[in-house]
Amino acid sequence: MTKKRKHQEDFQKVKLKVGKKKPKLENATDTTFKTKAIQIPEQLKEDGVLPTQNRKLNIKDLLSQMHHYSPGVKHNALLGLKDLLSQYPFVIDAHLSNIISEVAAVFTDKDSGVRGAAVHLLQFLASKIRAEQIAPFFPLVSAHLSSAMTHISEGIQEDSLKVLDVLLEAYPALLTDRSSILLKNFVELISHQQLSKRLKSREKLSWMLSVNPNRRVTSQQWRLNVLTRLKKFLQAVVDGSSEIEDEGLQEQKDSPHSVRNPVCISWKVHANNQQHIQLFENGGLRPKINSSFRLRSLASVMDSAEKGLSSAENLKGFIEIIIPLLIECWIEASPAQSAPILGNLLESESQQLMQQVLSIIHLLWKLTKRHDETYKMELWLRMNYLVDFKHHFMRHFPYSLQETVKQKKKDSCKGNKYCMTSSNSVDHLLLNLTLCDIMVSLASTSTLQMDSGWLDMIRKFVTDTLQDGSKLNSKQVNRLLGVTWRLMQIQQNKVATEPLIKAVYTLYQQRNLLFPVRTLLLKFFSRVYQKEDLRTQRISRSKVLSRWLAGLPQQLALLGLRNPELSNQLIDIIHSAASRSNKELLQSLQATAARIYDPLDGTLVLLPAEAQRRLVQLVYFLPCLPASLLACLSRCCIMGRMSSELAATLIGILHMRSSFAGWKCQVQDNSVNDVDYFSFLFSTLIGFSREELTSLQGIRGKPHISQTQLSPVRLYLTDLDQFLHHWAVTEMICHSLSTIPSQSQCFDILQTGICKYLVGLVVIPDSTAGSVLCAINKLLDQACILSENLNKFLASCCYSLLYFLLTLDKEDAEHVQKRDMLWGSCISALALLPRLLRLMLQSLQVSRICREELPVVAQLLRLLMQHGQLRSHMITNEFLVQQIIKDIMTLKSGEVQEQWLTDLHYCFNIYLASHPQGPGPINAVY
């Protein structure tokens with residue numbers, strides 16, 4: 001018992017008491033821990049916030065369904081993608097790579113519905129994705145497109161053309177960068193390779209058209225579809241090359257709507273050596289470099305296969321493959337094969353195929369012209385293909401269209417199931433013009449005799465088409481004129497060129513021509529004229545061309561403001577011919593000048609400023625400037641319908657045409673009569689016609705008239721714009737008058753004009769009065785003697801102007817701007833003519849005026865005494881000033897002396913009374 005008790009003592013149970021904590025065990029584990037919140041980034045929760053479409057599928061779900069084995073699931077996924085991306089366009093940028101790769105992968109899907117949905121989705125994406133965005137992924141798109149074009153399935157090949165249409169429309173530059181692969185795909189779509197029978201080795205492979213009866217369309221329709229896309233592809237290649245000339249008349253490096261940017265030179269700044277003018281040998285929008293050296297481009301370091309059609313070798317190789325195939329397509333569609341009885345009549349489908357054949361050849365011909373050795377390329381083309389082209393293309397030339405239409409039972413043609421009608425949907429004329437363009441490019445002056453047969457056919461077709469071309473559009477006319485120009489270059493004698501020019505002139509005379517057509521015709525005639533003008537004088541000029549030039553001024557006058565752009569083109573051509581002293585044009589311009597420069601509704605005042613400038617420059621080339629024309633030009637200068645700078649230019653041109661310009665050589669006899677020239681200068685200086693001055697005499701009272709009781713001249717207050725324009729013209733008139741050698745005679749003429757037309761008028765415009773004073777100041781010298789009538793008139797004008805300026809309300813912003821110019825002209829006249837100042841002081845009879853005008857007279861006297869230029873003259877007339885002040889004091893006697901009177905006394909004592917001559921007025925009064 002004792003041992004057992006001791007053993008239990010080692011493991012005694014601890015008794016817990018109520019309210020006490022349980023003691024911790026020695027081997028207890030600490031299970032306490034601390035926690036902190038974790039911020040989850042938004043991208044980790046992306047699956048929950050991605051936008052979804054109506055089926056609650058997001059972009060990842062839809063893209064994953066693109067790999068499903070079921071065509072229906074893939075079709076719905078494509079439709080869902082279009083729906084989702086149209087609602088949330090920002091998803092495109094975030095998942096562009098995946099979208100492009102998945103959509104491009106179904107170009108070769110076995111199901112036609114899936115491929116159709118892919119094309120619609122691609123078309124939608126093309127409108128949302130820019131070229132620079134899709135450029136990194138375009139090699140993948142191009143690879144899938146090539147796979148579809150070369151697929152064994154006919155349906156996939158057909159849908160690949162739809163994909164090609166979308167890419168050509170949206171990304172032509174990216175697509176043409178891979179031309180070497182795509183061009184081969186085009187060839188394989190309509191042909192297959194065959195080992196040549198002549199060569200047992202595989203050195204040469206020939207291509208022949210393939211026929212697949214499993215297609216849904218005929219072989220001819222399939223080739224038409226493929227060639228249509230090939231033509232669009234080559235057009236994109238041509239448009240992407242900046243060095244290639246445009247069609248037709250654009251061979252002269254200018255498009256019909258191009259705008260030339262002239263070098264703007266300010267001659268006033270240049271005369272002061274403040275503007276540097278740098279001239280370049282090869283200028284213009286498209287500089288033409290005549291050097292035989294070329295800098296190596298980046299394309300030269302690439303592989304020949306990568307350069308595509310930019311390489312001459314690749315271009316020749318493609319031409320050698322495609323031209324035989326195109327000829328085979330032509331033979332199948334030609335009239336000899338389809339309907340021998342119809343001759344050169346074509347059905348619509350055949351005509352479309354033949355048009356595509358010729359368009360492709362035409363584009364290939366244009367691509368050959370961008371290489372350095374163009375002449376060698378043309379010889380190579382002529383040597384290899386001229387014989388085939390003559391045999392097949394020119395055999396039934398020209399071609400016309402046959403359309404078969406089933407007749408109704410009640411039609412009059414009951415016995416005929418089909419009849420011949422015309423079609424507007426297919427342009428058969430363009431087919432013939434494209435053929436002409438191709439053929440004439442193979443001819444030259446050296447081969448004229450060998451090619452005379454088919455060239456005569458083309459020449460006759462072009463002539464007949466032009467003479468009956470009232471319904472031609474701009475594209476057809478452009479091709480026609482291009483062929484016409486090439487024919488004129490091949491055979492440059494007058495016998496061959498005159499009928500062509502006459503045919504073009506017949507079309508030009510048609511009424512209601514479209515503006516682009518009229519522009520092309522003008523461009524053609526201008527080019528022909530410039531080319532003819534460069535020839536030697538032994539060759540007689542074209543009568544038709546002379547007739548066209550002679551009619552241009554009359555057309556310009558009749559056109560007016562109806563088409564300013566066409567008027568600008570006419571002015572440019574007229575200016576070019578006038579600068580070359582074309583006799584017929586100058587005679588016509590002389591006869592039409594009165595209508596062109598009519599101040600009311602002439603071409604000059606109707607057109608914009610730039611056209612006005614060119615018309616003003618034409619005045620220099622007029623053979624004669626009669627008085628009637630100078631009167632019109634004077635009215636144009638002063639009516640304000642052209643700028644003052646342009647009016648100054650016109651005045652300068654007339655001065656250069658006058659006998660006072662100081663030419664060392666003899667100028668043209670009787671170009672500008674001296675009397676007429678002075679009449680022009682005086683009329684422009686006055687600024688108003690006789691009829692307008694007469695109508696002003698009946699105007700009375702404010703706000704248009706400023707009058708004073710001390711002057712017989714009342715001022716008509718002109719608008720500020722009219723005043724500033726008249727003043728700017730006056731400065732140029734004064735400059736022209738000052739350059740006349742005999743100043744005294746010039747002054748006498750001016751004095752006579754003023755006394756005859758202005759003296760005696762009651763109302764004078766303020767700008768006219770200021771202009772007359774300005775001209776007197778400019779021309780006056782010691783030898784000039786003024787008549788008494790002129791002195792009195794000028795004195796009255798001076799006081800009227802000074803009274804107007806002193807009574808001018810400061811808030812009248814319009815007339816305040818006249819102050820400096822009018823005040824300066826009056827003070828200068830009073831300083832130059834002491835007699836004028838004395839007459840004005842004598843006219844200040846204050847007893848005849850009302851009391852309200854006395855402060856104005858006092859202010860005028862005070863300002864005259866304070867002016868430094870007039871001080872000596874005022875001292876000379878001290879007695880008159882003293883008498884005027886006495887009269888004012890007499891009228892104001894018995895009243896409180898006002899401030900203005902005190903200021904007048906002060907000024908007189910300071911400036912005049914201190915002079916030793918006579919006593920001051922203050923002492924005399926007081």
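The protein chain exposes about 50,200 Å², and carbon and sulfur atoms supply 52% of that (Shrake-Rupley accessible area, 1.4 Å probe; for residues, only the protein chains shown count as cover). This is a predicted model, so to speak plainly about it: local features need pLDDT of at least 70, side-chain atom pairs count only at pLDDT 80 or more, and totals for chains, interfaces and linings use all residues. Residues are numbered from 1 along each chain as its sequence is written, and side-chain values use heavy atoms, with hydrogens and water left out.

Now for the overall build. The protein chain holds 45 helices and nine strands (DSSP runs numbered from the N terminus: helices are H or I with at least four residues, strands E with at least two). Of its 926 residues, 46% count as buried, meaning under 20% relative accessible area, while exposed is over 50% and partly exposed lies in between (1.4 Å probe, protein chains only). Among contacts with a separation of 6 or more, 73% come from residues 24 or more positions apart; a contact here is heavy atoms within 4.5 Å.

Next, some backbone details in the loops. Between helix H19 (374-392) and strand E4 (400-401) sits Pro398, and the peptide bond joining Phe397 to Pro398 is cis, with omega about -5 degrees.

Further along, Asn512 is in the loop between helix H23 (494-508) and helix H24 (515-533). Asn512 isn't a glycine, yet its phi is positive, near 60 degrees. Its relative accessible area is 78%, so Asn512 is exposed.

Ser581 has a positive phi near 60 degrees too, in the loop between helix H26 (564-579) and helix H27 (583-596). Ser581 counts as exposed because its relative accessibility is 53%.
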